Amino acid sequence: MFSFLNPGFLIALLAAGIPVVIHLFAKKRPQKIIFSSVRFIKEIQKKQNKKINIKNLLILLMRILFILFAVLGISRPAFKVPFLKSSEKHPPTAIAFILDNSYSMNYLVDDKTEFEKGLETLSKISDLLNEEDKVILLTADKTWNEINGFPVSGKIPNKMLASVKTCFNPLSFDELLKTANQKLSDTQYANAEIILISDYQKQKITYNPDFKTYWVATSDIEERNNLKINSVKTAIQIVNSELKHSINFEVANLSEFDEENILAKLFMNGRTIAEKAIKIDKNQVRGEKFPVEISETGYYSGFVEVKNERWRDDNRFYFQFYFNKNPGIALFSENKNLPDQLNVALEILSGSGHFEIYDDLTDLNYAKLSKFDNIIFYNPPELNQKMRFLFDKLLANNRKISVILSKNISNEWKLLYQNIFDMKFSGFETVDQRRIVPDKFRKYKDIIGDKNIRNIKVTDYWKIITQSESVLGTSSEPLVVEKNGNYLIVMDPESQRNEFYVSPVYPVLMHLIIKDTGYRGIDASFKTGERIIYSKAEITDPDGENFVSGENGFRAEFPGIYQVRTESKSYPVAVNIGEDDSYYERFDSPEELPPSVFAADTNWEDNILRARYGFELSKYFFILAFICVLIELMLIKSEERKQDKA
């Protein structure tokens with residue numbers, strides 16, 4: 001059977017009609033000469049016209065055939081028959097393979113993952129190549145491509161295939177197709193094509209390569225059975241004047257099937273802490289929690305996992321946090337007798353730690369102050385030279401502070417607060433009672449929850465205008481703001497009408513603020529592909545490999561707990577999957593692909609390597625086109641010679 005490697009050029013066959021049009025509309029009219037008798041001339045003219053018409057038709061035919069053969073040659077027809085598939089007698093060809101190794105390829109189909117099936121497909125195609133062929137293997141891993149993405153002769157080496165691992169920060173298909181197109185162009189092979197092997201996870205392709213591209217599917221599965229951990233948060237409650245901790249997590253069922261008796265596990269600091277069975281309906285998201293005992297000061301890290309044998313990569317979510325059982329708290333305040341709610345909250349949160357109120361700076365210096373974990377300002381003493389020195393030195397050493405505003409603030413302190421929090425005071429609100437809006441409770445919303453903050457009425461607070469982040473607020477005004485890690489609470493704790501200070505939210509919020517301002521490490525979850533800024537720190541990755549980070553930190557390539565060691569301390573850093581392939585949707589719109597990209601799906605064997613299963617006929621058509629030109633020239637020259645003799 002015939003096929004064309006450049007079928008787009010076949011439209012040029014319409015040009016074969018151009019010589020016919022020229023022949024019909026460009027005939028030369030004979031010159032009129034008057035003779036007394038033309039009987040003999042007419043007889044001679046008829047004979048000559050017959051000869052001329054035959055030659056003109058032959059010339060016209062040669063021109064038509066020339067255009068037809070030239071266009072067919074450019075279109076690269078190939079003669080393909082089944083028994084020639086295993087033949088090694090084919091023109092040298094350059095093949096760029098793109099193997100999708102994003103984590104969606106780790107889904108288990110029957111007894112093999114999509115990635116394992118992709119490797120099998122790649123090996124089968126590789127076996128069809130010989131030493132004259134050039135092969136380029138690219139993956140979704142940019143770093144791997146920089147090391148291995150160069151042309152090799154013949155089959156792909158097994159060692160190269162074995163080095164391909166799951167990539168959690170994959171390149172897009174458009175990026176890969178551009179790279180493959182450039183590398184094929186550099187080979188300067190006349191015969192070249194691109195073969196993309198993936199699980200057919202839907203992805204928009206807009207780039208149109210210069211070479212024919214075949215998108216091969218590793219399986220024909222359309223729906224996946226998958227559970228995914230969306231998030232993990234630490235949460236606290238104050239019960240009977242004691243802090244109670246829990247690890248809250250959110251699990252999603254992304255399949256069309258209800259799931260029962262799914263085992264969820266909490267693993268923390270090297271051991272399994274708790275397990276539970278959960279049920280989750282199809283296409284639903286469910287929140288769950290593990291109560292935990294956190295009794296010692298230190299760093300805690302681990303993961304929450306749900307058991308799902310089909311697709312494991314997104315079944316686990318890593319976390320880390322720091323807990324200070326007995327934080328030292330220094331409070332600058334002229335009030336030795338604090339408002340009850342503030343006093344109780346600070347006593348609970350400091351535990352058996354050092355809690356000191358400073359209304360006089362006589363015996364205080366920075367060395368003594370630096371031993372405290374948290375620094376709080378509430379109705380502080382006069383802003384004299386010594387107070388200003390201590391305040392400036394705290395900020396210069398990147399120590400974080402918390403400020404709680406009272407109704408009476410001196411102008412000096414107002415100016416200082418305005419500078420730190422990038423805000424302006426606009427008056428003290430004593431009349432209206434406003435409700436706290438959950439949507440304004442951005443930073444700690446997931447930890448405390450909407451239901452705990454709904455319908456809390458607030459009054460007796462400073463109205464401010466600020467560009468700082470609103471941590472808590474009403475529909476129009478911020479109540480707690482954060483700027484560069486420093487916190488400002490604008491509500492007066494002496495107020496007897498403010499429901500916030502008698503709600504369970506207040507001590508929890510204070511705990512979170514004290515934790516944030518006192519913690520001197522990292523308490524955030526990073527994503528794969530993100531750069532983690534630790535200059536020249538010793539790093540141990542989740543596989544146990546050690547390395548030293550550069551001046552600009554390091555990039556986390558895969559999820560897990562990384563151990564970071566600096567000169568002063570050692571602590572864990574949690575990294576989770578960045579690119580989300582969990583929501584599987586199979587590609588089903590071949591008409592949306594660029595013209596050069598063909599959806600071969602699972603029926604790839606009859607579509608790829610079209611020039612490899614037989615013989616390309618381009619050169620024969622070019623030879624025929626050349627012969628047509630020679631015949632045309634011979635006919636024209638013979639006619640010219642006869643005219644010269646005449």
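**Close-up views of a sheet and a helix**

**Figure 1. Pairing of strand 11 with strand 14.** Strand 11 (residues 242-253) is joined to strand 14 by eight bridges in the antiparallel sense; strands (E, at least two residues) and helices (H or I, at least four) are DSSP runs numbered from the N terminus, and two strands pair if DSSP finds at least two bridges between them. Ala252 lies opposite Val285 of strand 14. This is a predicted model, in which local features need pLDDT of at least 70 and side-chain atom pairs count only at pLDDT 80 or more, while totals for chains, interfaces and linings use all residues. Residues are numbered from 1 along each chain as its sequence is written, and side-chain values use heavy atoms, without hydrogens and water.

**Figure 2. The buried side of helix 9.** Met387, Leu390, Phe391 and Leu394 of helix 9 are buried (under 20% relative accessible area, with exposed over 50% and partly exposed in between; 1.4 Å probe, protein chains only). These residues cover an arc of only 100 degrees around the axis (taken from the directions from the helix axis to the C-beta atoms), which puts them on the same side of helix 9. The face turned away from the buried side carries exposed Gln385 and Ala396.

**Figure 3. The two ends of helix 9.** At the start of helix 9, a side-chain oxygen of Asn384 comes to within 3.3 Å of the backbone nitrogen of Lys386. Asn398, which follows helix 9, has a positive phi, near 60 degrees.

How values were computed: A polar contact is a pair of N or O atoms within 3.5 Å; within protein, one must be able to donate a hydrogen and the other to accept it, and residues adjacent in sequence count only if both atoms are side-chain atoms.
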